[in-house]
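Colleague: I am new to this one. Please take a close look at the salt bridges and tell me what they join.

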Amino acid sequence: MSLFAAPAFAQSEVFEDPDGKYILNLPAGWLGVVSTDGLGRNEVNIVFKVRENGALKIRVAEVGPGAELMDYAAQDERERVRFAPSYDKISLEKFLLGGTRTGALLSYDYKNAAGQLFTGRVYYVRADEKTIYVLQFTGRRNILGTLRSHTDLIARSLKFK
């Protein structure tokens, strides 16, 4: 009798940014959908089954040379993230990306417009000296809250072209 354990994310799918800036791995259940807005720009929507369960928005921030990742994350929280309704910060911590690379992770709870409990995780990953990628996950607390291994995997898989 032979037993073996399949990797937890054996069924991941590679998602390539339509503008050619990055690639990442999406675990089973996550879908990357690209649409075009009225001005012809690509709009990327990455969701876990449906948007309310889990959604990922990726944005790029330009920073000054030598800017510290944790300082940028704290600033982003003060200037943008904390304005979510009923914002309740859980933590702001260093996040291991692999090897000696570290990022930052901001975790928080909030309520959506209908008053339902949601959670958010924002990963800050340095692409180069002046560029930080911000991966913001939001979704129902009872669903996205259980998917920490998925969001960690996605953030760690981010590669720049």
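Modeller: The side chains of R41 and D37 meet in a salt bridge, at 2.9 Å from N to O; the term means a side-chain nitrogen of Lys or Arg within 4 Å of a carboxyl oxygen of Asp or Glu. D37 is partly exposed, with a relative accessible area of 23%; buried means under 20%, exposed over 50%, and partly exposed in between, with a 1.4 Å probe and protein chains only. This is a predicted model, in which local features need pLDDT of at least 70, side-chain atom pairs count only at pLDDT 80 or more, and totals for chains, interfaces and linings use all residues. Residues are numbered from 1 along each chain as its sequence is written, and side-chain values use heavy atoms, with hydrogens and water left out.

The structure holds seven salt bridges. Another of them joins D76 and R59, whose closest N and O atoms are 2.6 Å apart. D76 lies in helix α1 (residues 69–79) and R59 in strand β5, so the pair ties together parts 17 residues apart in sequence. Helices (H or I, at least four residues) and strands (E, at least two) are DSSP runs, numbered from the N terminus. D76 counts as buried at 5% relative accessibility, while R59, at 27%, counts as partly exposed. R59, D76 and R80 are linked in a network of salt bridges.

R141 and D109 also meet through their side chains, at 3.2 Å from N to O. This pair links distant parts of the chain, with R141 in helix α2 (residues 141–144) and D109 in strand β7, 32 residues apart. R141 is partly exposed at 36% relative accessible area, whereas D109 is buried at 13%.
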